[in-house]
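Okay, thanks for coming, everyone. Let me get the picture up and then I'll talk you through it.

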Amino acid sequence: MRKKSFPLFDTLNVTFLSLFSLAVLYPFWQTLVLSFSDANNASTLGFHLWPDQWVTDAYQFVFTFQNIMVAYSNTIIRTVIGTALIVTCTLLTAYPLSKKDLPYRNYFTAFFLIAMFFSGGLIPNYLLIKSLGLLDNRLALILPGAVNVFSIIIMRNYLMTIDKGLEESAFMDGAGYFKILTSIVIPLSKPVIATVALWAAVGHWNAWFDAMIYIRDPSKTVLQMVVRQMMVALDLSQTQFGGGGMSNANLLLSNVRAATVMISIGPIILIYPFAQKYFIKGIMIGSLKG
Amino acid sequence: MDAVLQRDQQHRSKPRNENLIRAKKMKTLYLMMLVPMLLLFLFHYVPLYGILVAFKKFSPGLGIWKSEWNHFEHFKSLFHDFLFIRALKNTLVISVLKLIVAFPAPIVLAVLLNEVRHVMFKKVTQSISYLPHFMSWVILASMVGEVLSPQRGIINFVIHSLGGTPINFLADKNFFIPALIVTDIWKEIGWGAIIYLAAISSINPDLYEAADVDGAGRFKKMIHITVPSLVPMIVILFILSLGNILNAGFDQILNLYNPMVYDVADIIDTYVYRKGLEQFQLDYATAVGLFKNVVGVVLIVGANAIIRRRSEHGIW
């Protein structure tokens, strides 16, 4: 078809895109190298594309240091519970809103949509959490984001496109809406559920600001906050993760931080090849106007 | 569109009773929504009440209701507050620069990717391009700090080997905003390109074939077919970005900035955060936040209205 080839352009294009990919990946690589280096290696001037020798001191430090592991498990807990809650709320809302014959549907839809426009803002949200007594409570990380309007829209748009025939015949057989939702609608919408769940999971995994303002107790903090505190501190002894004889002369804070960054992005990188298509599906369905 | 309107009118002309009877039959559906609605009400609508703090001399001991009114004191002093004016200016400067420099980047990437014939290469490049999108700014800022580091960073290594003195980019007023823009492109270029690539793939292949018959080369087809067919999408996304102009990137800046660059880096959101949750001037910070949110809602609703008028369908 395209007979007029343009080899010069192709060469330049592929070269440019390859350099672009390398540039995108380089910060990840430098962090990886740093995480496998020790203080000697990291403090000499110059950058390192390859460590002088691969050492795992930083990882040993991270994996044996209890506060970091507690934060890691807190991140896992909030991700699992938070994602389950978001998916449940999304299904319970999107299914009724996808029924065109639901009386007063528009008012209910508006109730959810309006929330996308207005928010009280940072301080009113903080005051609410405070007056609910949720400061330093894990619920403060899970409940405020439990109803995700964007996910609801995506899910609703999808549910409106699935065949109503099965549902109707189940209805004739005397199944209630709840039964239909669990036994027909959910199995039919697995791809969208996966999309919503993955989005929610990445959101929870990466969340840090809520933990920063609502959580003081180190035993309830999340991994992202550990990284952030390591960024603000100048050396290991200044962090709550360093003191008490836990500092290690062979390691700079940067080594430990790099290792913490790696264990925190590890799970995302691992699921990335499989999860990609679902992430993309999300914006495709979302951009279809409902 | 018309069909929807007609159906709506039919709904409205139905006697209320009939609606109520049907609603009763479908009550399970309303029950399903009950808990999500309560959660949304509690965490989205109740904080609206907290906005009152902006109009009070707030004392946590008295609570919102019992605190005294401040007679709009905060809103009057807003424009005499040098730090607020600085934050407003920085917000606009950073947003506009991002619109000019970062906004076109995904379009360029999408067009270039579209020209790649090797399917595998295209796929891999695309997957790499949106990897940073899935990381938080905490993580990315930590990486950026290393890459730009005066001791270990690759850029300073190059500067150093060329005989220059290393630059502490993130602590330098001249370099902080460029660093913001470049890192913003790094995080979002691939993700932004997806929607343009989808638009490109929906271009009618007949157009390209017709151009082939007319003897157009690849480059001409790119410039005269691919790019023009992206224009509607570009316009919509551009208007949406204009609506978001007061959001200059809170997460990004909060994780990258430091007191040495506040002069150019402090935006409204970071100012609200520091005033409110570090200095605990809750009432004033709420007033600043309210100002931003009201202008922001006007801009977003305005942007959506423009899009609706242009294309007969808004973003919802």
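Axes are lines fitted to C-alpha atoms, for helices over the stretch in contact, and angles run from 0 to 180 degrees between N-to-C directions. Please keep in mind that this is a predicted model: local features need pLDDT of at least 70 and side-chain atom pairs count only at pLDDT 80 or more, while totals for chains, interfaces and linings use all residues. Residues are numbered from 1 along each chain as its sequence is written, and chains are lettered from A and ligands numbered from 1 in the order in which they are written.

Helix α4 of chain A (residues 66-97) packs against helix α8 of chain A (residues 149-161) at about 45°, and the two axes are 8 Å apart. Angles under 35 degrees count as roughly parallel, over 145 as roughly antiparallel, 65 to 115 as roughly perpendicular and the rest as oblique, so α4(A) and α8(A) are oblique to each other. The crossing of α4(A) past α8(A) is right-handed; that word applies if the near helix is turned clockwise from the far one by less than a right angle, and left-handed if anticlockwise.

Who does the touching? On the α4(A) side, the residues include A:Ile86, A:Leu91 and A:Tyr95, and on the α8(A) side they include A:Ile152, A:Met155 and A:Arg156. Contact here has a cut-off: C-beta atoms, placed from the backbone, within 7 Å. By class, this contact has eight nonpolar, three polar and one charged residues. For those classes, Ala, Val, Leu, Ile, Met, Phe, Trp, Tyr, Cys and Pro count as nonpolar, Asp, Glu, Lys and Arg as charged, and the others, Gly among them, as polar.

Now the two chains together. 78 residues of chain A are in contact with 72 residues of chain B. Which helix gives the largest share of the chain A side? That's α1(A), with 14 residues. The chain A side has 54 nonpolar, 18 polar and six charged residues.

A:Phe108, A:Phe111, A:Phe112 and A:Ala115 meet B:Met33, B:Met37, B:Leu40 and B:His44.

On to chain B by itself. Its domain assignment, which is automatic or from a database, gives domain 1 (17-69) and domain 2 (73-311). Their centres, over C-alpha atoms, are 34 Å apart. Six residues of domain 1 of chain B touch six of domain 2 of chain B, and the domain 1 side has four nonpolar, no polar and two charged.

Last, the UniProt record, in the numbering used here, with shortened feature names and annotations that may be inferred rather than shown by experiment. Its unreviewed entry lists "domain: ABC transmembrane type-1" at residues 88-303 of chain B; in the model that span is 76% helix and 0% strand. The "transmembrane region" feature (unreviewed entry) in chain A includes residues 256-275, and that span is 100% helix, with end C-alpha atoms 29 Å apart.

Methods
Contact = placed C-beta atoms within 7 Å. Helix = DSSP H or I, 4+ residues; strand = E, 2+ residues; numbered from the N terminus.
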